[in-house]
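Reader: I am new to this structure, and I would like to learn how its features are read, one at a time.

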Amino acid sequence: MTNANAKQWVYGFGGGAAEGDASQKNLLGGKGANLAEMASLGLPVPPGFTITTEVCTEFYANDRKYPDGLTREVDAALKKIGETVGKAFGDPKNPLLVSVRSGARASMPGMMDTVLNLGLNDETVAGLADLSGDARFAYDSYRRFIQMYSDVVLEVEHHEFEEILETFKEENDYHLDTDLSADDWKTVIKGYKNVVEKSLGRPFPQDTNEQLWGAVDAVFGSWRNDRADTYRRLHNIPESWGTAVNVQAMVFGNMGESSATGVAFTRDPSTGANNYYGEFLINAQGEDVVAGIRTPQPLTKRAREEMGETEPSLEEAMPAAYAELADVFDKLEKHYRDMQDIEFTIQESKLWMLQTRNGKRTAKAALKIAVDLCEEGLLTKEEAIMRVDPHSLDQLLHPSLDPDAPRDLVLTGLPASPGAASGEVVFNSDEAERLAQEGRKVILVRVETSPEDIHGMHAAKGIVTARGGMTSHAAVVARGMGRPCVCGAGDLKIDKSGASFSAGGRMIEKGEIITIDGAVGRVFAGEVPTIQPELSGDFAKLMGWADAVRRMRVRANAETPHDAQVARDFGAEGIGLCRTEHMFFDADRIIAVREMILAGDKTGREAALAKLLPMQRSDFEEIFKVMRGLPVTIRLLDPPLHEFLPHSDNEIEEVATASGMDATKLKDRAHALQEFNPMLGHRGCRLGISFPEIYEMQARAIIEAACKVGDETGEKVTPEIMIPLVAKREELAILKAQIDAVAADVLKEKGTSLDYLIGTMIELPRAALTAGDIAHDAEFFSFGTNDLTQTTFGLSRDDSASFLPDYMKQGIFERDPFVTIDVEGVGVLVKVAAENGRKTRKDLKLGICGEHGGDPDSIRFVERVGLDYVSCSPYRTPIARLAAAQSKLANK
């Protein structure tokens, strides 16, 4: 044991009182804090105690040793549980049995380990049989404990126990676990214990204290297992948070036909509808419901009828317990003012609450629940805005199946997570991950998923399972990831070789394309066309509330009329980055671009540019028409010339034919233009300085297009011309003068006037540090945080992916700096540039147009710095709008 300052390591709850409450989630974990809160509310909670997250921190900081005093506090808390329920831990005649569960401050479903029925051994199982009057129940509980403890704590392979049980059932012509008698379970237990002794060289532990500390060790140890590490990385949960451990008196759902266990949500987590939603199993324990080993029954009569099931719902099978449960649902939802995810057990008709937490939900459900709770008077509009995770809105932008498209139904299951996806069939998670890394779309098909499959589920476009219900591991994780998922597809039979699956007499081979529709629980052969969803109703309402609150404007990065229209449809208030180089790669233009680059003199360049001018003008006209008076920031040509250069002999011949130049000379010229480090070479404003005619052509195209669209529509067009990669004020001053001269010529030719702005992209550290000087010539700054991150860190965004995971794993980076802005480095440069730029020019317009513009965490930083707008991809516009509103509310 290590020395530490005297502090409380263990917090008790139960019997209508608790030492903690819901506000102590960081200390007690989400599960422990909510158990304490439910106990204080007087709800039927089995007594127990929580070992705090601080113990987890001590455990890892001190070579997996526990702090002084912990054993004493655990012993005292265990004794108190026994006194509350009238039992004693380890007593052969009157044994107290406990569950040991993890509980981090953030919900991590299925990621860490649980042990039930702890305290059973060869002596206490007989005592349990006598006390309950049901030997079958007692020995069923003992075999479950051996199997779970061996898997979680002793690390004996789970399948070895499954094989013993399945073989025994086959030999005795049993179909269900409930068919086995007490004597049958004794035989199975003997086989289980032999497996343990054979695997470990020692018998299954009989000392109950050894059992308890083994389980506590395993829960703390599971905080750093591979699947928990993966989940934390995907959901941005810091490892430093740690997990708590909850030890709780067991209540039993497997004590016969008057007992049951279930999982429920106070509202539908897929749609958000205000209907109770959940599943239960009679004569079962909790892991049976979520593991997908048995397909559970629905909670309500309405759900049973909708699903076409014949087995009775809980509402019909146990009406008194259901009525009490419904009352608890209403109390908890009103208390927490949010949809709750609840675990419960009914032991001989008595209801017990095992857990409540804010339920995970789809983005569609999150929107509906937030809006409904607001309209029910439980939330204010501002609270409703804060309830929806901006990241989750991405789910709403996933396609659904085209209702008019033909489809070939192969399989039907439960609609576990909405959305539609097509991909190749794969049967294991490692292959799913490998193929996805190759850029292939895959659908993961499994009998059931477990936490070990999380990497494959993340890699897959969708998931299909043969077993499991709407609250199984596959369903919960898929909804959290926004992956479509079909569960409980009972007709699905996977070939033992893992090369195909069959359903309804049809065979689908590995690698064949299937399409899944998670909204209705169906699987189709081949690829079915999809359509984008319409964002209205609750989405429009919440977005309206968000738009009324936010200070910051939201623009989109777009350079085609289609992208501009998508951006406008998603509520973008302008274009913050139109990359003109993307317009040059079309097949009918690239030859003229190459002709311009390879020209030996200004005359040759101007001849090629004359071909490009009408194309560029047409591009800008289309975009200005779509944006109808909203601001459009157009970045002049930026990338290194090597990206446009011809490489093959055929490409050089094409340029030679178009320009009348000699092919050999062109080849020599192309070779001469090659650069060792092109991203830091002849690009951006440096091209404009060397070849001013390029930017002059683009400026003419912009001004002419703006004048034409303004005349045609009668709406004001205000182009914002952005000069890239400026490092010194002099670069900007020279190019600004040239653009102003071109604009003056165009406006004189047309006899009209036009407002336009000239500004620069701040993407080099020197530009950020000298922004006060640059602002003398810039009317706006747009922070190009992609390149600013690269040049600040000296990192290549394209090459760093191979080692960034190592940096994040070792805590050098908490987040990928290309996803979330580095506040301490890049962020300081942005802040300094914004402050100094506005000292020079008070009305300087400031925005951000890198990938960070669509990242909610980066948007929070942008709000604090006081920039005017963010610009992001068209499809992330709604995310940015909501994140901007939340950032404003958080900064109140």
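Author: Asn-786 counts as buried because its relative accessibility is 15%, where buried means under 20% relative accessible area, exposed over 50% and partly exposed in between, with a 1.4 Å probe and protein chains only. This is a predicted model, in which local features need pLDDT of at least 70, side-chain atom pairs count only at pLDDT 80 or more, and totals for chains, interfaces and linings use all residues. Residues are numbered from 1 along each chain as its sequence is written, and side-chain values use heavy atoms, with hydrogens and water left out.

Reader: Which residues is Asn-786 in contact with, leaving aside its neighbours within four places in sequence?

Author: Contact means heavy atoms within 4.5 Å, and with those neighbours left aside Asn-786 is in contact with Arg-797, Phe-818, Gly-850 and Glu-851.

Reader: How many residues has the largest nonpolar core?

Author: A nonpolar core is a set of buried Ala, Val, Leu, Ile, Met, Phe, Trp, Tyr and Cys residues joined through side-chain atoms within 4.5 Å. The largest one here has 95 residues, and those with the most contacts inside it include Phe-783, Val-830 and Leu-867. A second, separate core has 86 residues, among them Val-74 and Met-457. Not counting residues up to four places away in sequence, Leu-867 touches Phe-783 and Val-830, among others.

Reader: Is Phe-803 buried or partly exposed?

Author: Phe-803 counts as partly exposed because its relative accessibility is 31%, and its place is in the loop between α30 and α31 (804–809), helices being DSSP runs of H or I with at least four residues, numbered from the N terminus.

Note on methods. Helix = DSSP H or I, 4+ residues; strand = E, 2+ residues; numbered from the N terminus.
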